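Subject: Structure for you to look at

Hello,

Here is the structure I said I would pass on. Please open it beside this message and follow along.

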Amino acid sequence: MVGLQPPEVPPTTVVKFLGAGAAACFADLLTFPLDTAKVRLQIQGENPGAQSVQYRGVLGTILTMVRTEGPRSPYSGLVAGLHRQMSFASIRIGLYDSVKQFYTPKGADHSSVAIRILAGCTTGAMAVTCAQPTDVVKVRFQAMIRLGTGGERKYKGTMDAYRTIAREEGIGGLWKGTWPNITRNAIVNCAEMVTYDIIKEKLLDSRLFTDNFPCHFVSAFGAGFCATVVASPVDVVKTRYMNAPPGRYRSPLHCMLKMVAQEGPTAFYKGLLPKSPQQRSQSLNRSQKSCDSLQSA
């Protein structure tokens with residue numbers, strides 16, 4: 001049909017880079033309250049004596065925040081979140097095809113699952129390293145509880161948060177939790193890619209679906225759920241470690257051991273439900289992108 005055919009010239013790396021960042025920012029505007037609820041649930045129970053508000057469930061967390069902190073509270077940290085998406089998503093998604101082509105042997109018809117996982121982990125590690133300061137500031141704002149309209153704020157704004165963390169904790173404070181974040185990204189990439197291919201293969205073998213969008217959607221939905229469950233322990237440790245004041249934890253491992261000792265292993269799955277819809281949508285985008293690249297190869 002005229003006007004609906006894809007362009008013959010593929011988009012440049014710059015277009016992919018900017019397009020991925022812009023699309024991620026738009027998605028973040030829609031899902032940010034879920035991310036804030038996830039952070040609040042993940043840190044709940046970390047310091048019981050100092051926490052006066054209790055959260056129950058995704059919707060209950062958001063409603064409690066609106067009631068006690070105001071209607072804008074679920075979007076606390078949004079500016080840092082947009083900073084993160086423009087840097088993190090732009091690098092991770094925008095450079096994915098270029099890195100995948102770099103790893104693919106010359107003359108190969110398409111990239112194997114191992115190559116796609118390696119490319120995803122590489123761009124993910126690059127993205128985390130560049131975007132970690134924005135993630136730290138985002139989590140600090142999301143975790144900051146302000147009771148009442150005149151509640152005290154540690155940071156005057158996003159840029160003040162960058163400066164304050166660097167002044168009080170050193171430049172390294174802005175990269176706090178980098179290794180747990182890289183580890184989480186690698187786990188998500190491996191779990192998504194492998195489970196997506198397995199689920200899709202089983203669906204096609206059983207003749208329940210043909211190789212079309214419904215098949216990709218169901219496969220991505222299952223892959224996103226599996227990735228969320230597998231990566232949740234690292235995600236909780238990452239959030240707590242990034243949000244912790246200096247001296248609370250000696251390392252991410254100490255954070256994990258202390259959490260298990262005080263709250264039990266179920267603490268690893270706090271904030272699982274609000275994270276799941278986000279991960280499934282991201283899995284659908286990445287998996288569909290991989291399929292499109294394979295079909296065009």
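Confidence

The model is predicted, so confidence comes first. The mean pLDDT of the chain is 84, and 85% of its residues reach 70 or more. Confidence is highest in helix 6 (residues 158–169), at a mean of 95. It is lowest in helix 10 (residues 272–296), where the mean is 55. Over residues 292–297 the pLDDT stays under 50, and the model has 8 contacts beyond four places in sequence for that stretch. Where pLDDT is low, the predicted coordinates should not be read in detail.

Salt bridges

The structure holds 18 salt bridges. Three of the pairs are described here.

Asp-97 and Lys-100 form one of them, with their closest N and O atoms 3.9 Å apart. The two residues are 3 apart in helix 4 (residues 96–103), which means that about one helical turn separates them. Asp-97 counts as buried because its relative accessibility is 12%, under the 20% cut-off. Lys-100 is buried too, with a relative accessible area of 8%.

Arg-116 forms a salt bridge with Asp-197, and here the closest N and O atoms are 3.4 Å apart. This pair links distant parts of the chain: Arg-116 is in helix 5 (residues 113–143) and Asp-197 is in helix 7 (residues 178–205), 81 residues apart. Are the two partners buried or partly exposed? Arg-116 is buried, at a relative accessible area of 6%, whereas Asp-197 counts as partly exposed at 22% relative accessibility.

Arg-184 forms a salt bridge with Asp-235, with the closest N and O atoms 3.1 Å apart. Arg-184 lies in helix 7 and Asp-235 in helix 8, so the pair ties together parts that are 51 residues apart in sequence. Both Arg-184 and Asp-235 are buried. They also belong to a network: salt bridges that share partners join Asp-35, Lys-38, Arg-84, Asp-135, Lys-138, Arg-184, Asp-235 and Lys-238.

Ser-90 is in helix 3 (residues 78–94). Its relative accessibility is 0%, so Ser-90 counts as buried. What does Ser-90 touch, leaving aside its neighbours within four places in sequence? The contacts are Phe-17, Ala-20, Gly-21, Gln-85 and Leu-95. With Phe-17 there is a polar atom pair: a polar atom of the Ser-90 side chain lies 3.1 Å from the backbone oxygen of Phe-17.

Met-144 is in the loop between helix 5 and helix 6. Met-144 is buried because its relative accessible area is 14%. Not counting residues up to four places away in sequence, Met-144 touches Arg-40, Glu-69, Arg-153 and Lys-154. Of these, Lys-154 is 10 residues from Met-144 in sequence, and the C-alpha atoms of the two are 8.4 Å apart in space.

A surface patch

Phe-213, Phe-217, Val-218 and Phe-221 make a nonpolar surface patch of about 370 Å². One of them, Phe-217, is found in helix 8 (residues 213–243). Phe-217 counts as partly exposed because its relative accessibility is 40%.

Regards

Technical notes: Residues are numbered from 1 along each chain as its sequence is written. This is a predicted model: local features need pLDDT of at least 70, side-chain atom pairs count only at pLDDT 80 or more; totals for chains, interfaces and linings use all residues. Side-chain values use heavy atoms; hydrogens and water are left out. Patches are made of residues with over 30% relative accessible area and no salt bridge: like charges are joined within 9 Å, nonpolar side chains (Val, Leu, Ile, Met, Phe, Trp, Tyr) within 5 Å. Accessible areas come from the Shrake-Rupley method with a 1.4 Å probe; for residues, only the protein chains shown count as cover. A salt bridge is a side-chain nitrogen of Lys or Arg within 4 Å of a carboxyl oxygen of Asp or Glu. Helices (H or I, at least four residues) and strands (E, at least two) are DSSP runs, numbered from the N terminus. Buried means under 20% relative accessible area, exposed over 50%, partly exposed in between (1.4 Å probe, protein chains only). pLDDT is the predictor's confidence in each residue, from 0 to 100. Contact means heavy atoms within 4.5 Å. A polar contact is a pair of N or O atoms within 3.5 Å; within protein, one must be able to donate a hydrogen and the other to accept it, and residues adjacent in sequence count only if both atoms are side-chain atoms.
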